[in-house]
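Open your viewer and get ready to pick residues one by one. Here is a short tour, stop by stop.

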Amino acid sequence: MKKQRISVESLEKRCKDFADEQNQIRTQDNLPPMSNSERLEMMALLAKSLESQYEIVEEETKGEKNVV
């Protein structure tokens, strides 16, 4: 089965957005914000997961979907 493509830029944006959402949830639950290392670790885990699902390309391809 051929993997869908995702650009590096889209991958980075999805990771950043995910970490931002997690920080918002923590704020709503009255928990302290994530440290920089926690944030980076969460982003790295998501990136690794996405890399197993997508073919990473340098540039955004025509018709690429930024599925979140």
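Start by selecting Arg 39: beyond its neighbours within four places in sequence, Arg 39 is in contact (heavy atoms within 4.5 Å) with Lys 16, Ala 19, Asp 20, Asn 23 and Met 34. A word on what you have loaded: this is a predicted model, where local features need pLDDT of at least 70, side-chain atom pairs count only at pLDDT 80 or more, and totals for chains, interfaces and linings use all residues. Residues are numbered from 1 along each chain as its sequence is written, and side-chain values use heavy atoms, with hydrogens and water left out.

Arg 39 sits in helix α2, residues 36-53 (helices are DSSP runs of H or I, at least four residues, and strands runs of E, at least two, numbered from the N terminus). Arg 39 counts as buried because its relative accessibility is 18% (buried is under 20% relative accessible area, exposed over 50%, partly exposed in between, with a 1.4 Å probe and protein chains only).

Asp 20 and Lys 16 meet at 2.9 Å, N to O, and both lie in helix α1, 4 residues apart.

Next, select Arg 5 and Glu 55, another salt bridge, with the closest N and O atoms 3.6 Å apart. This pair links distant parts of the chain, strand β1 (residues 4-7) and strand β2 (residues 54-57).

Finish at Leu 50, whose contacts beyond four places in sequence are Leu 11 and Arg 14.

Notes. Salt bridge = Lys/Arg side-chain N within 4 Å of Asp/Glu carboxyl O.
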